[in-house]
Amino acid sequence: RMEFNNESVITIGLISSAWGGTMVEHWQPNATLNSGVCKNSSGYDYSPWQNKRWDIDSGGLWNGMVLPFVNMTIKGALWY
């Protein structure tokens, strides 16, 4: 909690949702990946077999690490 001019109290919380060495496809919903919007480097539609990791399914990080926050009110975000 932070106080400004002894008048307002603002609660600040940090959420870390990170997994190093992952591709952007892991962080997108499966509906987006399967809609034909995503293209590979050759310009063709993305296919799940292009996922180069055995331990994470495409869309897996969206489902487990982003989707739980969808119905929360978040006032700001940092992404790098």
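This is a predicted model: local features need pLDDT of at least 70, side-chain atom pairs count only at pLDDT 80 or more; totals for chains, interfaces and linings use all residues.

Tutor: What follows starts with the model as a whole and then turns to the pocket.

Residues are numbered from 1 along each chain as its sequence is written, and side-chain values use heavy atoms, with hydrogens and water left out.

On confidence, pLDDT (the predictor's confidence in each residue, from 0 to 100) averages 76 over the protein, and 79% of the residues score at least 70. The protein has two helices and two strands, in the order β-β-α-α along the sequence; these are DSSP runs numbered from the N terminus, helices being H or I with at least four residues and strands E with at least two. Among these elements, mean pLDDT is lowest in strand 1 (residues 2–4), at 55, and highest in helix 2, at 84.

Now to the pocket. On a 1 Å grid over the protein atoms alone, a pocket is an open set of points where a 1.4 Å probe fits, with protein on both sides within 12 Å along at least five of seven lines; lining residues have an atom within 4 Å of a point. The largest pocket has a volume of about 990 Å³, where volume is the space filled by probe spheres set on the points, and points are joined across faces, edges and corners. By class, 17 lining residues are nonpolar, seven polar and one charged. Here Ala, Val, Leu, Ile, Met, Phe, Trp, Tyr, Cys and Pro count as nonpolar, Asp, Glu, Lys and Arg as charged, and the others, Gly among them, as polar.

Ile-15 sits in the loop between strand 2 (8–10) and helix 1 (30–34). Beyond its neighbours within four places in sequence, Ile-15 is in contact (heavy atoms within 4.5 Å) with Phe-69 and Ile-74. Ile-15 and Ile-74 are 59 residues apart in sequence, yet their C-alpha atoms are 9.9 Å apart. Across the protein, 58% of contacts between residues at least 6 apart in sequence join residues at least 24 apart.
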